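Please look at the sequence and the structure shown here before reading on.

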Amino acid sequence: MIVRIMGEGQVSLADGHLAELNKLDDELLSEMENGDGPGFRRTLQALLARVRDLGDPLPDDSLEPSELILPSPDATLEEVRELLSDDGLIPG
C-alpha cells in the first residue's frame with residue numbers, strides 16, 4: 001500500500017501493519033469526538049511516526065497513486081476532520 005503524508009512524501013507500507021495503525025486511528029477519532037486537543041496532537045504524531053517507521057520511503061521524484069492520504073504533522077483538528085471517513089483516517 002502506498003501512503004502519502006501530506007507535505008512529506010510517500011512510503012510503501014505492508015498491509016499487515018494496518019491493524020496496528022487502526023488502533024491509533026481509533027484513538028485519534030475518539031480524541032477528536034471528545035475535543036481532546038492535546039490527546040489528538042499526541043496521537044496524530046504517534047500515528048505518523050509509526051507510518052514513517054514501518055514504511056519504506058519512495059523516491060521524491062516518484063509519483064505513485066496513494067491508496068491512503070494522511071494529514072501533515074501540523075494539521076489542525078478541523079483539517080483532519082475534513083479528511084475523515086466513517087472509519088477514520090485508515091479504512092478497516
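Glu31 is found in helix α1, which covers residues 18-33; helices (H or I, at least four residues) and strands (E, at least two) are DSSP runs, numbered from the N terminus. This is a predicted model, in which local features need pLDDT of at least 70 and side-chain atom pairs count only at pLDDT 80 or more, while totals for chains, interfaces and linings use all residues. Residues are numbered from 1 along each chain as its sequence is written, and side-chain values use heavy atoms, with hydrogens and water left out.

Is Glu31 buried or exposed? With a relative accessible area of 10%, Glu31 is buried. Buried means under 20% relative accessible area, exposed over 50%, and partly exposed in between, with a 1.4 Å probe and protein chains only. Glu31 has no salt bridge, a salt bridge being a side-chain nitrogen of Lys or Arg within 4 Å of a carboxyl oxygen of Asp or Glu. The nearest side chain of opposite charge is Arg42, 5.0 Å away; Lys and Arg count as positive and Asp and Glu as negative, while His and the chain ends are not counted. The side chain of Glu31 does make a polar contact with the side chain of Thr43, at 2.7 Å. A polar contact is a pair of N or O atoms within 3.5 Å; within protein, one must be able to donate a hydrogen and the other to accept it, and residues adjacent in sequence count only if both atoms are side-chain atoms. Leu77 is 46 residues from Glu31 in sequence, and 9.7 Å from Glu31 in space, C-alpha to C-alpha.

Side chains of opposite charge can pair when their charged atoms come close. How many salt bridges does the structure hold? There are 3 salt bridges, listed here.

| Side chains | N to O distance |
|---|---|
| Arg52 and Glu8 | 2.8 Å |
| Glu20 and Arg50 | 2.6 Å |
| Asp53 and Arg50 | 3.7 Å |

In the salt bridge between Arg52 and Glu8, Arg52 lies in helix α2 (residues 37-54) and Glu8 in the loop between β1 and β2, so this pair ties together parts that are 44 residues apart in sequence. Arg52 is partly exposed at 34% relative accessibility, and Glu8 is partly exposed at 40%.

Glu20 and Arg50 form a salt bridge. This pair links distant parts of the chain, with Glu20 in helix α1 and Arg50 in helix α2, 30 residues apart. Asp53 and Arg50 are 3 residues apart in helix α2, and therefore separated by about one helical turn. Asp53 is exposed, at 56% relative accessible area. Salt bridges link Glu20, Arg50 and Asp53 in a network.
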